[in-house]
Amino acid sequence: MVNGTNTELFLSGEASSSRPKRQRVLSMENDGGTASGNEVARSVTLFELDLLDCPICCNKLTTPIYQCVNGHIACSSCCIKVKHKCPYCSLSIGIYRSRIMEKILEAVFIKCPNAKHGCTEKIPYEKESESAHERECSFTLCYCPETNCNYTGVYKDLYRHYHANHKTDYSLFRCGQYNDAWVRIHTMKIFDFVVLQESEDGPLVVIQCFKESHGVCVTVNCIAPSTPGVGEFSYHLTYRKGSDIVSFESEEMNKIQEVSSYTPWDKYMLIPYCLLDEGPMLKMKICIRRLGEEV
Ligand SMILES: [Zn+2]
Ligand SMILES: [Zn+2]
Ligand SMILES: [Zn+2]
Ligand SMILES: [Zn+2]
């Protein structure tokens with residue numbers, strides 16, 4: 001134990017079978033964990049992340065880890081590359097495993113990159129690359145779609161922010177009903193959009209219009225993290241001029257975290273210029289349905 005700090009690491013297993021079992025807590029910055037019975041929960045902060053890299057190739061260590069009799073370690077591919085001769089002391093390496101290093105690796109968890117936004121998820125260090133959590137984390141930041149507003153936040157906060165700051169009489173939509181989706185087209189802009197919000201502080205749906213050489217491309221996206229169960233909708237978009245109708249239906253609305261100025265390459269409705277009304281308003285209708293709800 002290091003005096004003056006709370007840094008203490010107990011490992012249970014074959015090497016310490018004579019000792020009373022203590023809780024194994026090793027984390028980049030563990031918040032304490034749970035303690036039961038005589039087990040003691042401690043925090044460990046690992047300051048040298050390099051210790052978890054192979055000292056030869058500098059890649060992240062993965063099991064199996066080998067060591068020479070002097071205790072120098074190497075990953076399995078480096079053992080082959082150095083022809084089973086330790087580059088530090090020339091002794092043989094590649095037969096004896098470094099079980100303690102393997103156990104430490106197994107016990108290391110890292111915080112989600114969104115921990116600063118409130119995520120408490122911990123990801124096993126060894127399986128970090130296989131973890132879907134980061135992509136699907138509900139604490140991923142989303143950006144306010146309004147021009148000249150720099151607000152970013154977790155989706156629930158963004159929805160509240162939008163309602164409090166940008167709501168208009170025309171910006172609310174109801175699921176399962178045809179709502180007006182009117183976009184004011186400016187001649188000088190590359191794209192224009194309208195934001196609809198499902199009631200009070202519900203999800204934000206952005207309907208974007210891009211002026212292309214052959215017509216106006218219209219896309220519909222929900223501003224939400226990629227978390228399963230959040231902001232999942234289908235929609236039916238229509239535009240009518242006289243007896244001509246252009247419509248687009250999607251079983252699954254795309255989710256975005258930020259409005260993009262890039263022309264979409266899929267999932268768009270094209271309204272040819274010859275069908276556009278006079279005047280600046282592109283008057284469409286949209287019916288949005290929450291996935292999994294009865295039609
Ligand atoms: Zn290596
Ligand atoms: Zn060695
Ligand atoms: Zn997370
Ligand atoms: Zn805003």
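In the predicted model, Val218 of strand 12 is the bridge partner of Cys209.

Strands 11 and 12 run antiparallel and are joined by eight bridges, and a hairpin of three residues connects them. Strand 10 also runs antiparallel to strand 11, with seven bridges between the two. These two strands form a hairpin with five residues between them, and within that turn Ser199 has a positive phi of about 40°. Strand 11 is mostly covered, as six of its eight residues are buried.

The largest nonpolar core comprises 35 residues, and Val205, Ile207, Val218 and Ile286 have the most contacts inside it. At least two residues of this core come from each of helix 4 (155-166), strand 10 (191-198), strand 11 (204-211), strand 12 (215-223), strand 13 (233-241), strand 16 (269-272) and strand 17 (281-290). Beyond residues up to four places away in sequence, Ile207 touches Ala181, Val183, Phe193, Val194, Leu196, Val218, Val220 and Ile286. A second, separate core has 10 residues, among them Leu61, Cys68, Ala74 and Cys79.

Thr62 is located in the loop between strand 1 (26-27) and strand 2 (65-67). This residue counts as partly exposed because it has 15 C-beta neighbours inside 10 Å, whereas a buried residue would need 20 or more. Apart from neighbours within four places in sequence, Thr62 is in contact with Cys75 and Glu126. The C-alpha atoms of Thr62 and Glu106 are separated by 9.3 Å, although the two residues are 44 residues apart along the chain.

Conventions:
Residues numbered from 1 in each chain as written. Chains lettered and ligands numbered in written order. Predicted model: local features only at pLDDT ≥ 70, side-chain atom pairs only at ≥ 80, totals over all residues. Helix = DSSP H or I, 4+ residues; strand = E, 2+ residues; numbered from the N terminus. Buried ≥ 20, exposed ≤ 12 C-beta atoms within 10 Å, placed from the backbone. Contact = placed C-beta atoms within 7 Å. Core = buried A, V, L, I, M, F, W, Y, C linked by C-beta atoms within 7 Å. Pairing = 2+ DSSP bridges.
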